[in-house]
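Have a look at the model first, then read on.

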Amino acid sequence: MHTSVYDKLTLGVMKNGGGFLLLVDPDRGMLSDILPLVEEAGAAGADAILVGTSFLFNSDFPEAIRQIKRASTVPVILFPGSASQVTPGADAILFMSLISGRNPAYLIDEQVRGAPLVKSYGIEAIPTGYMLIESGSYTSVEFVSNTRPIPRSKGDLAAAHALAAEYLGIKLVYLEAGSGARLAVPEKMITEVSSQITIPVVVGGGIVTPEDAAKSINAGASFVVVGTRFEAPSSQQRLREFAEACHPLLVKSAN
Ligand code: 1GP
């Protein structure tokens, strides 16, 4: 029986207590550096590879996806900044609406442009409510999307957005501090959001140590996304440490 990527990921969370998603950005790194990382990620314990960028500059994105898919032993999921990044060859796509913003282009317009492509390429769509959270500096995604983030102290506001997303049938809520954020999403906010909803919460942006990742999982995140930390040359050991931090039940049962 075919198991969807979404089901595989959520079953993993039930079994392991959380999940680790490695984000690669073909715009910000050389494919020759990204591919070895992607090859190692599955064996090191990553649950999936996210591929995306907030603004596509000059990479040959379709070719990058083909090569990343070939190199990966875990699902490859598009994490698009716009409909122009909907590309064949991936296993799934975070089909996102920027629900923290009030810019119709990112609430519905990019989705209308991307949907027929997702269908014709046969990619699994994972409906995702994407929320920008204030992170101490002005991020690319704020600039590109022309939206303002939810203030870090307003956990109740974030939770209301997440609840609305769940009632709209969205399957995943992504709390985003922004790539390379100075401050990650506050643990208090993760707890306030995750305690209000039954769908999984993804947390990303500014997470640079396994300890930070573990804190997000303990606060209630189902998945942690790490990107920038692995843009500098790294080791499989470092990937393992993040994977262990995001899989608290797996670590316990292995001891
Ligand atoms: C960005 O949430 C992701 O969209 C990951 O952020 O690059 O800071 O790890 P970092």
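Which residues lie nearest the centre of the largest pocket? They are T53, S54, F79, G81 and Y130, and the lining counts 49 residues in total. Before going further, note that this is a predicted model, where local features need pLDDT of at least 70 and side-chain atom pairs count only at pLDDT 80 or more, while totals for chains, interfaces and linings use all residues. Numbering starts from 1 along each chain as its sequence is written, and side-chain values use heavy atoms, with hydrogens and water left out.

A word on terms: on a 1 Å grid over the protein atoms alone, a pocket is an open set of points with protein on both sides within 12 Å along at least five of seven lines, a cavity is a set where a 1.4 Å probe fits but cannot get out, and lining residues have an atom within 4 Å of a point. Volumes are the space filled by probe spheres set on the points, which are joined across faces, edges and corners.

Back to the largest pocket. Strand 1 (19-24), strand 4 (92-98), helix 4, helix 5 (140-145), strand 6 (172-176) and strand 8 (223-226) each give two or more residues to its lining. Strand 4 gives the most, with 6 residues. (Helices, H or I with at least four residues, and strands, E with at least two, are DSSP runs numbered from the N terminus.)

The second largest pocket is lined by 18 residues, and D33, I34, L37, F230 and E231 sit closest to its centre. Strand 1 turns up here too, along with helix 2 (31-44), as an element giving two or more residues. Helix 2 is the top contributor, with 5 residues.

There is also 1 cavity of 30 Å³ or more. Its lining includes Y6, L9, T10 and F223, and helix 1 (residues 5-16) gives the most, with 3 residues.

| Space | Volume | Lining by class |
|---|---|---|
| Largest pocket | about 770 Å³ | 23 nonpolar, 19 polar, 7 charged residues |
| Second largest pocket | about 290 Å³ | 9 nonpolar, 4 polar, 5 charged residues |
| Largest cavity | about 80 Å³ | 10 nonpolar, 1 polar, no charged residues |

Methods:
Ala, Val, Leu, Ile, Met, Phe, Trp, Tyr, Cys and Pro count as nonpolar, Asp, Glu, Lys and Arg as charged, and the others, Gly among them, as polar.
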